[in-house]
Amino acid sequence: MTVSMRCQAMQTILETPNAPAPLEKVALETYVPPAKPSLIGASRAEIAERLAAIGVAPAQRRMRVQQLWHWIYVRGAKNFDEMTSISREMRAQLEAHFTVARPEVAAEQVSNDGTRKWLLRLPSGDSLEKAHEVECVYIPETDRGTLCVSSQVGCTLNCSFCHTGTQRLVRNLTAGEIVGQIMVARDRLNDWADRETPSGGRLVTNVVMMGMGEPLYNFDAVRDALLIVSDNEGIGISRRRITLSTSGVVPNIVRTGEEIGVMLAISLHAVRDELRNELVPLNRKYPIAELLQACRDYPGSSNARRITFEYVMLKGVNDSMEDAKLLVKMLKGIPAKINLIPFNPWPGTRYQSSDWDQIERFSEYIFNAGYSSPVRTPRGRDILAACGQLKSETEKLSVRERQALRAMAMTD
Ligand code: SAH
Ligand code: SF4
């Protein structure tokens, strides 16, 4: 599949000119789970355990888990009352202990090209701390509908061209909050099993882990969530239609193939370590050679299942023809496709997007070398719809910021 969008967040700027960017931030914010936990994001085994804990008899558990799974993930039930194949007493018992709550939608925007963006409010550490927010974007295309999903509030990494990296508040999302983003999109689009469409097809057909955060720094929750999303007795989005994008957390790349089995996208952005250290500081820990080796070792990659290499086009930084040549050379032997992304500017950034002519020249060289190299084009501009363009309500946008942001929404 072609990775379908450009997603990065719009946050507070903490630029320190000339100082080397720290590799990563520490301290994850805490998160207090709600008193009545949501069953969304729990595996079948976990649901069975929870049922056992409230006294459901062992002989009944398997069937109850199946019923719940169907109601939650095929029918999109929003409360236990809707689950009419489950006895009234059982429903009351479930209601007393659990919910099927999704993240709260704080804002919704619909673009005139059909792109939709939701700002989701999530619980924070305590009532004094402001609520955590992430965003999720739906991009309809003729042959598919792609949902761009976040894995963390903010990001602990500090890529110099990415706005999300400048956000201070960081915490991992739970598996439920990740699956919850798909649930919210299906709710809002009325995209559950009983949806009446001429084709009977679904609106959300693809998922890209390209919203806020580094998914491989939240490996367990992302894995658990994606196994639920791809479960064909539930949400049923196949692994080939799910793409996980990473800045290069090498130890977890092979695990992604083995334990999740989704398509892989690598945020490469530079062909020399010196430059990549600056753009993607994680490169200091896992340099290009190690990253490419992990790609060669990626289980299940083939010419039919290529790894996508994302390459943000930064004027005068990484966009020379020398870079293009080296890029082609270094990907030799890896089943790859290359996604060129015009840089999405944000207020205060020191980078500019490459000129269109240069992007075309670069793209043509790559194409002639035998690589598919789509360049992403903007979508949903009227609602600032690239993932991350929505700012939290506490931070108002200036007119200048709005203008800068308008240029940002990208899909291919
Ligand atoms: N953390 C993961 C996934 C989220 S970012 C990663 O880095 O891969 C998704 C993609 O958007 C990455 O390729 C990232 O490098 C790119 N990106 C971030 N900021 C950007 C910007 N301002 N313009 C264009 N692409 C950007
Ligand atoms: Fe942004 Fe991804 Fe880098 Fe995090 S890892 S700062 S989300 S580009």
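Predicted model: local features only at pLDDT ≥ 70, side-chain atom pairs only at ≥ 80, totals over all residues.
Helices (H or I, at least four residues) and strands (E, at least two) are DSSP runs, numbered from the N terminus. Residues are numbered from 1 along each chain as its sequence is written, chains are lettered from A and ligands numbered from 1 in the order in which they are written, and side-chain values use heavy atoms, with hydrogens and water left out.

First, the overall picture. The chain has 11 helices and 11 strands. Of its 412 residues, 55% are buried; buried means under 20% relative accessible area, exposed over 50%, and partly exposed in between (1.4 Å probe, protein chains only). Contact means heavy atoms within 4.5 Å. Among contacts between residues at least 6 apart in sequence, 71% join residues at least 24 apart.

Now back to His132. His132 counts as buried because its relative accessible area is 0%. Its side chain and that of Arg171 are joined by a polar contact of 2.7 Å. A polar contact is a pair of N or O atoms within 3.5 Å; within protein, one must be able to donate a hydrogen and the other to accept it, and residues adjacent in sequence count only if both atoms are side-chain atoms. Leaving out residues up to four places away in sequence, His132 touches a group of residues including Glu29, Thr30, Leu122, Val153 and Arg171.

The side chain of His269 reaches the backbone nitrogen of Val312 at 2.9 Å. Not counting residues up to four places away in sequence, His269 also touches Phe161, Glu310 and Asn318, among others. The C-alpha atoms of His269 and Leu314 are separated by 8.9 Å, although these residues are 45 apart along the chain.

You will find Ser111 in the loop between β1 (104-110) and β2 (116-122). Its relative accessible area of 5% is why Ser111 counts as buried. The side chains of Ser111 and Asp113 are joined by a polar contact of 2.7 Å.

Next comes the nonpolar interior. A nonpolar core is a set of buried Ala, Val, Leu, Ile, Met, Phe, Trp, Tyr and Cys residues joined through side-chain atoms within 4.5 Å. The largest one has 105 residues, and Leu68, Phe161, Phe309 and Leu331 have the most contacts inside it. Helix α4 (residues 175-189) gives the largest share of this core, eight residues. Leaving aside neighbours within four places in sequence, Leu331 is in contact with Leu292, Phe309, Ala336, Ile338 and Tyr371. Apart from this core lies another, of six residues, among them Ile139, Cys148, Met210 and Ala265.

Charged pairs come next. The structure holds 19 salt bridges, each a side-chain nitrogen of Lys or Arg within 4 Å of a carboxyl oxygen of Asp or Glu. One of them joins Lys36 and Glu95 (3.6 Å, N to O). This pair links distant parts of the chain, 59 residues apart: Lys36 is in the segment before α1 (44-53), and Glu95 is in helix α3 (residues 88-97). Lys36 is partly exposed, at 32% relative accessibility, and Glu95 is partly exposed, at 38%.

Another salt bridge brings together Lys78 and Asp187 (4.0 Å, N to O). Here Lys78 sits in the loop between α2 (58-74) and α3, and Asp187 in helix α4, 109 residues apart. Lys315 and Asp355 also meet in a salt bridge (3.3 Å, N to O). Beyond such pairs, Asp220, Arg223, Asp224, Arg255 and Glu259 are linked in a network of salt bridges.

Finally, which residues are around ligand 2? They are Cys155, Leu157, Cys159, Cys162, Gly165, Gly213, Glu214 and Ser247, where a residue is near a molecule or strand if one of its heavy atoms lies within 4 Å of it. By class, this shell has four nonpolar, three polar and one charged residues. Ala, Val, Leu, Ile, Met, Phe, Trp, Tyr, Cys and Pro count as nonpolar, Asp, Glu, Lys and Arg as charged, and the others, Gly among them, as polar.
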